Amino acid sequence: MVVVSFFLVFLAIVVIGAVLFLGAGMAGSSRDSGAGLDEPVPNLPPVLLPAGAKASDVDRVRFALGLRGYRMDQVDEVLDELRDQLTSQEREIERLKLALEAAGNREEPKE
């Protein structure tokens, strides 16, 4: 009789432990169900460059510090804008060079 009651108490402890363990695992997995890090909440003003950005403008850019360092969304936004502006300037420089070459060819004396 003592053996049966000891077995039932042991079985009850194992079942309760398994339920608690599985319950804690499910609660943790529902919270971490998204793959990777969550997107940061945009609670700070955006960091932007002026339309005609110069090197001095880039030097003055300051990013807010987050818990783990700079806010990656702000850094990515500014770098994307800088890339777009530099690409636009490079295209304009190339267009002006071609126009200058074409104007130079027209001014040469024809024989």
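Colleague: Let's start with Arg-71: is it buried or exposed?

Modeller: Keep in mind that this is a predicted model. Arg-71 has a relative accessible area of 13%, and the cut-off for buried is under 20%. Since 13% falls under that cut-off, Arg-71 counts as buried.

Colleague: Where does Arg-71 lie?

Modeller: Look at the stretch around strand S2, which covers 69-70. Helix H3 runs over residues 72-107. Arg-71 lies between the two, in the S2-H3 loop.

Colleague: Which residue does the side chain of Arg-71 meet in a salt bridge?

Modeller: The N to O distance for this pair is 3.1 Å, and the salt-bridge cut-off is within 4 Å. The pair also makes a side-chain polar contact, again listed at 3.1 Å.

Colleague: How many salt bridges does a search of the whole structure find?

Modeller: Arg-83 with Asp-84, at 3.2 Å, is another. Searching the whole structure gives a total of 4.

Colleague: What is the N to O distance in the salt bridge of Arg-95 and Glu-92?

Modeller: Both residues sit in helix H3, 3 residues apart, or about one turn of the helix. Arg-95 is partly exposed at 46% relative accessibility, and Glu-92 is also partly exposed, at 35%. Their side chains meet with an N to O distance of 2.6 Å.

Colleague: Which residues do salt bridges with shared partners join into one network?

Modeller: Take the Arg-83 and Asp-84 bridge to begin with. Arg-83 is partly exposed, with 47% relative accessibility, and Asp-84 is partly exposed too, at 41%. Through shared partners, the network consists of Asp-80, Arg-83 and Asp-84.

Colleague: Switching to nonpolar side chains, what accessible area does the surface patch with Val-4 and Phe-7 have together?

Modeller: Besides Val-4 and Phe-7, the patch takes in Leu-8, Leu-11, Val-15 and Val-19. To get into a patch, a residue needs over 30% relative accessible area and no salt bridge. Together, these residues present about 550 Å².

Colleague: And in which helix is the place of Leu-8?

Modeller: Leu-8 is one of the members of that nonpolar surface patch. The helix that holds Leu-8 spans residues 2-31, and its label is H1.

Technical notes
Residues numbered from 1 in each chain as written. Predicted model: local features only at pLDDT ≥ 70, side-chain atom pairs only at ≥ 80, totals over all residues. Heavy atoms only, no water. Patch = residues over 30% accessible without salt bridge, like charges linked within 9 Å, V, L, I, M, F, W, Y side chains within 5 Å. Areas by Shrake-Rupley, 256 points an atom, 1.4 Å probe, with all protein chains shown as cover. Helix = DSSP H or I, 4+ residues; strand = E, 2+ residues; numbered from the N terminus. Buried < 20%, exposed > 50% of the residue type's maximum accessible area, 1.4 Å probe, protein only. Polar contact = N/O pair within 3.5 Å; in protein donor to acceptor, adjacent residues only side chain to side chain.
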